[in-house]
Amino acid sequence: MQNEVVSREEWLEARRALLAKEKGATKLRDSVNAARLALPWVKVDKDYVFETPEGRKSLADLFDGRSQLLIYHFMLGPDWDAGCTGCSFLSDHVDGALPHLNHHDVTWVAVSRAPLDKIAAYKQRMGWKFPWVSSFGSDFNFDYHVSFSPEDLAKDKVFYNFTPMQPADANDELPGLSAFYRNDKGEVFHTYSSYARGPEELIGTLMILDRAPKGRNEDSTMNFVRRHDEYEEAAKAPSCCH
């Protein structure tokens with residue numbers, strides 16, 4: 001399939017019309033970001049404990065001396081053989097950002113309910129460096145509505161993305177991103193969470209594809225994505241000389 005082919009002048013007119021929409025989207029994003037920063041906070045009074053390579057740590061410990069913490073709710077359940085493909089796709093974009101985040105007073109940590117040895121094995125397979133801890137045995141994933149027990153999934157509705165949804169549309173693990181702040185007194189506050197396609201802007205590959213001629217070229221959301229060690233070698237483009 002090929003788009004309409006027009007003169008340079010006609011293309012320029014269409015491109016300027018699109019530019020107006022792009023500028024509108026940028027201004028809307030700025031407005032949304034401002035509203036996000038203005039959200040009220042909730043104090044975290046519950047004690048959560050995580051298993052880490054350095055031993056058991058509290059939620060406050062995960063800040064690693066910084067005042068801001070971003071937790072990616074990575075879908076890797078206790079009985080899963082491998083991490084979620086979509087979560088893996090997003091996580092491929094994290095390591096390069098870590099120095100910039102850390103030097104801007106932000107710590108990034110992935111959290112899954114899988115036991116630590118399973119996390120470590122998958123992390124090694126993927127070649128990632130970012131911190132990744134286990135919430136196995138903790139209420140953390142359940143309290144932040146990214147994990148669901150068999151009893152939860154047997155109910156009429158489960159709560160995900162701030163909305164009741166049909167259990168048939170859910171899973172035992174679902175993705176999300178949560179933000180926390182720690183003040184000078186050591187108090188921790190939950191400031192933000194985002195679920196489903198909410199963290200999509202963190203996936204730079206998608207943002208690049210959106211500017212390619214075929215865009216994301218997908219039949220359903222990210223159906224083309226594989227773990228980065230599972231892609232078959234792409235067929236070479238035919239040479240113009242053959």
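Strand E2 (residues 49-52) presents a covered face formed by Phe50 and Thr52 and an uncovered face formed by Val49 and Glu51, where helices (H or I, at least four residues) and strands (E, at least two) are DSSP runs numbered from the N terminus. In a regular strand the side chains alternate between the two faces of the sheet. E2 runs antiparallel to strand E3 (residues 55-58), to which 4 bridges join it, pairing being assigned if DSSP finds at least two bridges between two strands. Within E3, serine 58 is the bridge partner of valine 49, and the two strands E2 and E3 form a hairpin with 2 residues between them.

The model is a predicted one, in which local features need pLDDT of at least 70 and side-chain atom pairs count only at pLDDT 80 or more, whereas totals for chains, interfaces and linings use all residues. Residues are numbered from 1 along each chain as its sequence is written, and side-chain values use heavy atoms, with hydrogens and water left out.

The largest pocket has a volume of about 1300 Å³. On a 1 Å grid over the protein atoms alone, a pocket is an open set of points where a 1.4 Å probe fits, with protein on both sides within 12 Å along at least five of seven lines, and lining residues have an atom within 4 Å of a point; grid points are joined across faces, edges and corners, and the volume is the space filled by probe spheres set on the points. The lining comprises 35 residues, of which Asn33, Arg36, Tyr192, Glu201 and Leu202 lie nearest the centre of the pocket. Helix H1 (8-37) supplies the largest share of this lining, 9 residues, and strands E4 (68-73), E5 (106-112), E9 (176-182) and E10 (188-195) are among the elements that each supply at least two.

Leaving aside neighbours within four places in sequence, histidine 145 is in contact (heavy atoms within 4.5 Å) with Phe159, Tyr160 and Tyr195.

Arginine 227, in the segment after helix H7 (204-209), is by contrast buried (under 20%), with a relative accessible area of 14%.

Methods: Buried means under 20% relative accessible area, exposed over 50%, partly exposed in between (1.4 Å probe, protein chains only).
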